[in-house]
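Subject: Structure handover

Hello,

Here is the structure for your files. My notes on it follow below.

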Number of protein chains: 2
Amino acid sequence: MKVIVAQKLLQANEEIAGENRHLLARHGVLTLNLISAPGAGKTTLLEKTIAALKEEMAIGVIEGDIYTTKDAERIASQQVEVVQINTHGACHLDAQMTQEALNALSLAQLDLLFIENVGNLVCPAEFDLGENYKVALLSITEGSDKPAKYPLVFHEAQAVILNKIDLLHHMDFDLETMLEQVKKIKEDLIVFPLSAKTSEGMGAWLQWLKSLVPKKKKLFATAW
Amino acid sequence: MKVIVAQKLLQANEEIAGENRHLLARHGVLTLNLISAPGAGKTTLLEKTIAALKEEMAIGVIEGDIYTTKDAERIASQQVEVVQINTHGACHLDAQMTQEALNALSLAQLDLLFIENVGNLVCPAEFDLGENYKVALLSITEGSDKPAKYPLVFHEAQAVILNKIDLLHHMDFDLETMLEQVKKIKEDLIVFPLSAKTSEGMGAWLQWLKSLVPKKKKLFATAW
């Protein structure tokens, strides 16, 4: 009985996620769903990424949080369009919440949309929001055994950010073990070891994003 | 409809949690439910705590994990009784799973039981397992804004471990802000800043545990 309810909910989620994907494709908005445990550094990564890219592409952000608007305030100070979703206790975003947020955004003007999910390495991995890619963040302070313990999010993701590498020399973190574990879960995962704080390693991540958004609406509009 | 189902599940959980609480009280086992995000250091804290206390009290552990037995293996090497619960995807332990684990333990011989919940700062806070106390762990690498963003677990807890203080000088962590936030959620929360890795600050935590378990079955049995 419980399983039936859960499957119905997931099925309904899939349908709305499909509508979201269609809407985003129609407007040509590349969308990334960022998933990590609390404190892995999603918001700091977004701040640095937006600062580096906002002159060359139009970026929007959907901020998922259980109760607060703290992260949305941090992002809004970067002068990009932000919509806050407060889940009021729910441990993940779903496609329905995302659809409401999409309807509040100027999709026709956006090139790249980040969705910062609720801080939770488990539940958000199960819910398709209609994004193009899921990106899993893991900070090295969480330990190198985490991919094996929480495999689903790494299986669903197309890229992994390995954050806080500035702390590598203060930790017992085994980078080789972690990379091996990740490749065992999914051979073709792209891994970006970086520090959003010091910006070390950010270049490869930014290059990847640029490769995903070849045509920029803003630049195109200016050219004409 | 969704709400009704959720409430029924929570109600059923409450009933079984009550049975667990009764069973644990009958055997005089003090039980702590450890809740944190992945990688905050629950297992390392348990390893150090067990090593420090196992000569003076009989300790058991229930290890919650989604798929693996890695943490249970680490704990079992300490020569204490361990039962593994694998949730197979579920993001938290519930009272039913806990009851099955309790039935597999030698409760009559135990003084202190730790339940290491699934690594998740959100969902486990909603589920009573029948424990005496919830203990929330937060590592300073997660950032000082986490109590305000994930208030429920701090509201439900009686004590907070603030782990990884050996990294304090490498972080932008604001200890004052974090302590203020915690006290705002719950005035009488006990906070233990410590490093399970270096053992700095472990003394106060161990003292608190000893104060909760005044009579030790093993010592009592020996005396007679």
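Axes here are lines fitted to C-alpha atoms, for helices over the stretch in contact, and angles run from 0 to 180 degrees between N-to-C directions. This is a predicted model, in which local features need pLDDT of at least 70 and side-chain atom pairs count only at pLDDT 80 or more, while totals for chains, interfaces and linings use all residues. Residues are numbered from 1 along each chain as its sequence is written, and chains are lettered from A and ligands numbered from 1 in the order in which they are written.

The sheet: in chain A, seven strands form an open, parallel sheet in the order 3-2-4-1-5-6-7 (strands are DSSP E runs of at least two residues, helices H or I runs of at least four, both numbered from the N terminus; two strands pair if DSSP finds at least two bridges between them). Strand 3 (81-86) and strand 7 (190-193) of chain A are at the edges with a single partner strand each, so one side of each has no neighbour in the sheet. From one strand to the next, the twist averages 20°. Five bridges join strand 1 (residues 30-35) and strand 4 (residues 112-116) of chain A in the parallel sense; Leu30(A) has Leu112(A) as its bridge partner.

Helix 8 (residues 202-212) of chain A lies across strands 1, 4, 6 and 7 of chain A, at about 140° to strand 7.

The interface: 29 residues of chain A are in contact with 29 residues of chain B (contact means C-beta atoms, placed from the backbone, within 7 Å). Helix 5 (residues 146-149) of chain A gives the most to chain A's side, with three residues.

Regards

Note on methods: Two residues are in contact if their C-beta atoms, placed from the backbone, lie within 7 Å.
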